[in-house]
Amino acid sequence: MARSVVDPLTRIEGHLRVEVEVNNGVVTDAWVSGGLYRGMEKILLDRRPSDAFYVVQRICGVCPISHGHASTASTEDALGITIPNNARIVRNLIEAAQYIHSHILWFYTLAALDYVDPVKALSADIADTYALAQAAGTGVSDFGAVAKRLQAFVDNGQLSIFTNGWFGHPAYAEDMPAELHLIGVAHYLEALEMQAVAAEIIAIMGGKFPHFMTSLPGGTTFMPTEQKLDDILFRFVKLNEWVTNTMIPDTLAIAPFYAGALGYGGGHGNFLSWGVFNDESFEANNRYMPAGVIKVAQGLTVADADASVLTEDVQRSWYDSATGLHPSAGEADANFSEYNVDDQYSWVKAPRYDGAPMEAGPLSRMLVAYLRGVQPVQDLVNGALEALGAAGRPEVLVSLLGRVAARNLETKVVSDWSLEWVNELIGAVAGGDSKFFEPHDVDEGMGAGLWEAPRGALGHFIDIQGGKIARYQVITPSTWDCSSRDDGGVRGPMEEALVGTPIIEVERPLEAARIARSFDP
Amino acid sequence: MAHEDHGAIYDLLAARGVSRRDFLKYCGSIAALLGLSESFVPQIAAAVNHGAKLKPAVWLNGGACTGCTESIAQVDTPDVATIVLDLLSIDFMETLSMAMGEDALAAAEAVFEEPGYILIYEGSVMQGFDGNALRIGGKTGLEELDHAAPNAAAIVAVGSCAVDGGFVMANPNPADATGVKPYLESKGITTPVVNLPTCPVNPEWLVAIVVDVLLLGSLESGAILDKLDDWGRPKYIFGQTIHDNCPRRGHFENGNFVNEFGTEEEALGYCLYKVGCKGPQTYTNCPIVRWNRRTSWCVESGAPCIGCGNLNWVDVGAPFLNRHRDLPLPSVGNTQPGVVAGVVAGAAALGLGLHAVGMKVTGRMDGGAPYEEMKAHDKKRMQKGGGK
């Protein structure tokens, strides 16, 4: 028996410690500890609801759009405001741009180095690399120039962000050809450009990224001109081409070398989605990615998601406040004790749905959408299952590889929809609809903004009294996924997903890091 | 041309895969940002010749949302790959480092052993719970900063959180957050700090500093310190208000205002001052360098500036959609009536000096400290009559 710790877990947003117990080369227990407390919910008290829109985005600089939207939606829910149709489309587009941005950034910039070894890329044959790229149907870059740049970089000896990387780790797929590693490195660099293009869309519609400015309670302050619509459209088209012709083929090319990752990393098997991207009905179950909950006891079946059965346990995390409260009555009185995995060990609370831990994220959304019959999701997932030799068995997606694949496939679905939505907005504006904002003067009420960040289910809960915030609670996706144990000792989703993971080198548990990163915490 | 004199530089860059054309291109844009003419480009290029070794750097994340790292990933003058691979050797950066755990920390440690590196700090300095509000590698964030700061040649505090605690230090400051400079001063650590506020930091500014320090050698010469204002901000970036350079300034002068969202005035792109724009009291060059590769910026998207570059920006700026300060408005006479008062919060106000950072904000004061009533030149104009 051995303990293995990764702290800090790099290439994520924030500060996370992953501690695992390894027996005979397999993880048998795990503890995930969030390292940062800022007290956002207390900072919001006594401020205006519209101020929350700005401040809450600073919870996460990778998904500020979703926090802004969830906050605004909570206020609109509390005050009984329905936003104009144009504002709905604008928000969908800003959110879509962030999804595409975030997923590209996650796969290439954060996660790829767990599967692609830059040093292996050095021995690639350039001609073979072109041939392989064409055979895989993925994007062709100037592979020769990339290889040369990489070689010069390595020869120079100052490895910058690659310093002390686990090059040559035995967990890298042994049979993955050097040429595919080189393709991965080339697209790692290309992805930096693509995520920036997606962020430009947010800048056009929201002023800047990260931390945008326009989705205020009541609608949006972005009013498109013909030129701006064109600027948005061509960028979405460019991204769609790249996602379709590079990101998806890369995923399908690399996945077979890690097919073993279909066999572990699934976790509890409980999934929650609040739904994201409204259609004209504004109903959560009708969203493009609909709301729903999947409980392992019922197998792969979906039920309606119900925010009234939420609780947050805090006995195993560094809080003094009452445990097991619903977020609408929630508190967050922090009090550090010590890091002790047998007692309190994290700043992350333990949210539970009807008492159960829930995985949040693209896998949850894709499974819920699949089970609710969302056609483009079904088509893509079925195609991917076939490519992985698991046709007709969506249950294999409840695994490490499934979680990775779900995120990348979702990028494609959202990117396709984004083109529809730009045209929808162009049509609405051309049809004479110039309403983007619904003025309002109510100043009392309680509301919930249930939405989805790229990394999963996001709930903002607000109580407005006399025009000011009397209570504000947030349950982020990473609070779900990186949850500490609950009061009953049940592991959080990431902890549970770590159990059963094979570890080759206890001192360098790359496989455990892959599991943790697969949640995009 | 002077290019021939600098063959060694180009050899170095070429060895790292940067073409001469690319290099001159980004030196050109940096020269513009620094307020230099294009004729300085060869001089900048010459300054790179410090030998074949890249300047080592460490990027620490304090109580951060990672938004400033995200922001840096959005730059193209040069792009982020060039910064982290070819300009600096950033041997530790939590969000991008390939290494993890102890091996990642060891990479940082190796840098700390040799004085002279650049330390970039993102996020608030978390003092709460004896520093345990932030834990990294089994230690507190404070221990990490205490260890990293003394040997650094300079610290670049990126984003408002690193400058003064940012939103995290807003009332009631639950985690006792502060900024790098006030924290180090309290510990008697004298490493120079360059402050780059706004939330997140605008990446163009970090590039300007990198060039200033690395290529113009302004740290060794001490010139960088002369370029800083009282807050430790580079004057060439933070010397003018957003209002000074706002494309909607004409509407302000003509008295064309958005009074409410969802109105014709909004559609016409009128001045956002009456819906809370903090442009008049926010000192950054956002309207000029813009955001996301010069694509747009807050006001262009129809949103009032929230003053995210101000000290204690949340307490000072909120409620963000309200006006706070008297200004002469030509359309309604000398001063607009009924300025929303009683909500201006926080202690950082008059003069906006750095000393304000160190002031303990123990509570959001209803009624708050007064703003400067008006800028000197506004006052002068008013005395002349109606700001005409």
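**Notes on a predicted two-chain model**

1. Let's start with one residue pair: Ala448(A) sits across from Phe461(A), the latter being in β9(A). Keep in mind as you look at it that this is a predicted model.

2. Now the strands around that pair. Strand β9 (residues 456-465) of chain A is joined to β8(A) by nine bridges, and the two run antiparallel. As a reminder, strands of a sheet pair through backbone hydrogen bonds, and they can do so parallel or antiparallel.

3. Zooming out, β8(A) and β9(A) belong to an open sheet of three strands in chain A, ordered β8-β9-β10 with antiparallel pairing. Its edge strands are β8 (445-453) and β10 (468-475) of chain A, each of them pairing on one side only. From one strand to the next, the twist averages 15°.

4. What packs on this sheet? Look for helix α3 (residues 64-79) of chain A, which touches β8 and β9 of chain A. The direction of α3(A) makes about 150° with that of β8(A).

5. Another helix to check is α12 (residues 400-430) of chain A. It has 31 residues and reaches 45 Å from its first C-alpha to its last, close to the 45 Å expected at 1.5 Å a residue. After α12(A) comes Gly432(A), with a positive phi near 100°.

6. On to the contact between chains. Chain A puts in 73 residues and chain B 72 residues. On the chain A side, β1 (2-6), α1 (40-43), α2 (49-56), α7 (143-156) and α8 (178-206) each supply at least two residues. Which of the elements gives the most? That would be α8(A), with 10 residues. Sorted by class, the side of chain A that touches chain B comes out at 37 nonpolar, 22 polar and 14 charged residues.

7. Finally, chain B. Its domain assignment gives domain 1 (54-238) and domain 2 (242-384). Where these two meet, 22 residues of domain 1 of chain B are in contact with 23 residues of domain 2 of chain B. On the domain 1 side, the elements giving two or more residues are α8 (159-164) and α13 (235-238) of chain B. That side of domain 1 of chain B has nine nonpolar, nine polar and four charged residues. Watch the labels here: α8 of chain B spans 159-164, while α8 of chain A spans 178-206.

Note on methods
Residues numbered from 1 in each chain as written. Chains lettered and ligands numbered in written order. Predicted model: local features only at pLDDT ≥ 70, side-chain atom pairs only at ≥ 80, totals over all residues. Contact = placed C-beta atoms within 7 Å. Helix = DSSP H or I, 4+ residues; strand = E, 2+ residues; numbered from the N terminus. Nonpolar A, V, L, I, M, F, W, Y, C, P; charged D, E, K, R; others polar. Expected span 1.5 Å × (residues − 1). Domains from an automatic or database assignment. Pairing = 2+ DSSP bridges. Axes fitted to C-alpha atoms, helices over the stretch in contact; angles between N-to-C directions.
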